[in-house]
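Subject: Handover of a structure and notes on it

Dear colleague,

Please find below the structure that I am passing on to you. My notes on it follow directly after.

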Amino acid sequence: MADITHPPMEQLQDLEYCIDSNPPWAETILLAFQNYIMMLGTSVMIPSALVPAMGGSDGDKARVIQTLLFVAGINTLLQALFGTRLPAVVGGSFAYVVPIAYIVNDSSLQRISDPQERFIQTMRAIQGAMIVASSIQIILGYSQVWGLFSRFFSPLGMAPVVGLVGLGLFERGFPALGNCVEIGLPMLLLVIGFSQYLKHVRPFRDLPIFERFPVLICIAIVWIYSLILTASGAYREKSNRTQMSCQTDRANLISTAPWFKFPYPLQWGPPTFSAGHSFAMMSAVLVSMVESTGAYKAASRLAIATPPPAYVLSRGIGWQGIGILLDGLYGTGTGSTVSVENVGLLGLTRVGSRRVVQISAGFMIFFSTLGKFGAVFASIPFPIYAALYCILFGLVASVGLSFLQFTNMNSMRNLIITGLSLFLGISVPQFFNEYWGNRHGLVHTNAGWFNAFLNTIFSSPATVGLIVAVFLDNTIEVEKAKKDRGMPWWVKFRTFRGDNRNEEFYTLPFNLNRFFPPT
């Protein structure tokens, strides 16, 4: 036992910059640009899948991507300034795919014969559903109800939830990389090589460029390689799926994107409202709230901050609700959540600076208005991002599991809760996803909104994990296992004034705490 020298640590020790410390300006700007490039994968993939199904053209797809990036920049800035104040990028969410698919397949919309008109009407229906559903997060956040519910969280309950925020995205890792192995695998190996084996190599004085900028360096190398493969006609005789995965700008973003376009509210026309669509969308809003909660816990650890207190967590969820309202007003085609890949990037680069994320929001807004320039970066083949996801999603998952150091893992109670939460959190969504091919999902009643609601909830690994972990942790030998659950360490982070460091990390800027004091 004397050889065990790794006691539990409240904060990670080997990060270079914490939430309040900032790298030099040149380094900060490059890191911010790296964050922008990182969030492009999801921002391009979601509209590329949904817009054609809605009846939209390549031009519509480029415009939706621009709008999604523009609103993501606004939401990221709002969250970093007035929300949780953590260095978390807020971008498009896959959680909304199921309810959006329900809306797309609505018989009243499918009857529209003109594809362009069907796209516009579908987009307006999605906007209306999102505007109504955003009220869930706004109410749960600003009323402090979500903060009150977080009193049932413990390190034991949060470990599988945060772990599943990363592990639950496994299908966007190697399975997507495997669609173009000749691009994805070199990318994976290069990122590991540069960020881990060459991190101490410093060609430029004191700047560890391979540790700070592995994403920019490796994307540049592999992107050029993929351009050469595309130009040489390597994929000319390949299947359409291979061409879509491997070729640069297969989605025709560069050719169809306008040179300049400034997104504005209600640009698709007035939203339309339907009770069924709104109820279905509420499920995705709940799922994104759970996933964002897990991502905030991971971001706080990677930014060397304390776990966000209940008041700060509620404040962040409230602002995220405002973000979803903006998604609905602008017509982004999907809702918002915390970008898990960008949370992982904090750990990979060892920089948890808030300023980096704030400047990256500026890049999102800037390049979303300059359509052609933004489309150039958005044309990066998705297997390149899939290779990065293998590392970054895994890193977030391991951060979640690191919360177990504050619990007693020699307790059979804790082992059962952790194992069952992780297993069901992966197994149940996999079971539901197997039925997604029939367009209705596993739950198939006459009420389409009810089907979409349940299929969305139980297709989310983090949500299933939260339901299982929090229920078991708060019903099995609760008082007896208080120390085993890690509550003596966790309880001081429940309130804003429970730990002196909370004020340093989470106080609002511009002296706003005078008008909005922590409760």
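Helices here are DSSP runs of H or I with at least four residues, strands are runs of E with at least two, and both are numbered from the N terminus. The model is a predicted one, in which local features need pLDDT of at least 70, side-chain atom pairs count only at pLDDT 80 or more, and totals for chains, interfaces and linings use all residues. Residues are numbered from 1 along each chain as its sequence is written, and side-chain values use heavy atoms, with hydrogens and water left out.

The loop between H5 and H6

Ser-143 sits in the loop that links helix H5 (115-142) to helix H6 (145-149). With a relative accessibility of 36%, Ser-143 is classed as partly exposed; the scheme calls a residue buried under 20% relative accessible area, exposed over 50% and partly exposed in between, using a 1.4 Å probe and protein chains only. A polar atom of the Ser-143 side chain lies 2.4 Å from the backbone oxygen of Ile-139. Ser-143 and Tyr-311 are 168 residues apart in sequence, while their C-alpha atoms are 9.9 Å apart in space. Gln-144 is also found in the loop between H5 and H6, and its phi is near 70 degrees, a positive value in a residue other than glycine.

A positive phi of about 55 degrees is likewise found at Ile-304, which is not a glycine. Ile-304 belongs to the loop between helix H14 (275-302) and helix H15 (310-330), and at 15% relative accessibility it counts as buried.

A glycine within H5

Gly-128 is part of helix H5 and is buried, its relative accessible area being 0%. Neighbours within four places in sequence aside, Gly-128 is in contact (heavy atoms within 4.5 Å) with Pro-271, Thr-272, Phe-273 and Ser-278. Gly-128 and Ser-278 are 150 residues apart along the chain, and 7.4 Å separates their C-alpha atoms.

Helix H1

How do H1 and H18 pack, and at what angle? Helix H1 (residues 25-54) and helix H18 (residues 371-378) meet at an angle of about 80 degrees, and their axes are 9 Å apart. The axes are lines fitted to C-alpha atoms, for helices over the stretch in contact, and angles run from 0 to 180 degrees between N-to-C directions. H1 and H18 are therefore roughly perpendicular to each other; angles of 65 to 115 degrees are given that name, those under 35 are roughly parallel, those over 145 roughly antiparallel, and the rest oblique. On the H1 side the contact involves Phe-33, Tyr-36, Ile-37, Leu-40 and Val-44, and on the H18 side Gly-374, Phe-377 and Ala-378. Of the residues in this contact of H1 with H18, seven are nonpolar, one is polar and none is charged. Here Ala, Val, Leu, Ile, Met, Phe, Trp, Tyr, Cys and Pro count as nonpolar, Asp, Glu, Lys and Arg as charged, and the others, Gly among them, as polar.

Gln-34 is another residue of helix H1, and it counts as buried at 1% relative accessibility. Beyond residues up to four places away in sequence, Gln-34 touches Arg-212, Phe-213, Pro-214, Val-215, Leu-216, Leu-345 and Thr-349. A polar atom of its side chain lies 3.2 Å from the backbone nitrogen of Val-215.

Aromatic rings

Rings of Phe, Tyr and Trp (its six-membered ring) pair if their centres lie within 6.5 Å; planes under 30 degrees apart count as stacked, over 60 as edge-to-face and the rest as tilted. The count by this rule is 28 aromatic pairs. In one of them, Trp-146 and Phe-153 have ring centres 6.2 Å apart and planes at 70 degrees, so the pair is edge-to-face. Trp-146 is buried, at a relative accessible area of 8%, and Phe-153 counts as buried at 1%. Phe-382 and Tyr-389 also form an edge-to-face pair, with centres 5.8 Å apart and planes at 65 degrees. Both Phe-382 and Tyr-389 are buried. One aromatic cluster is made up of Phe-33, Tyr-36, Phe-363, Phe-366 and Phe-367.

Yours sincerely

Note on methods:
Polar contact = N/O pair within 3.5 Å; in protein donor to acceptor, adjacent residues only side chain to side chain.
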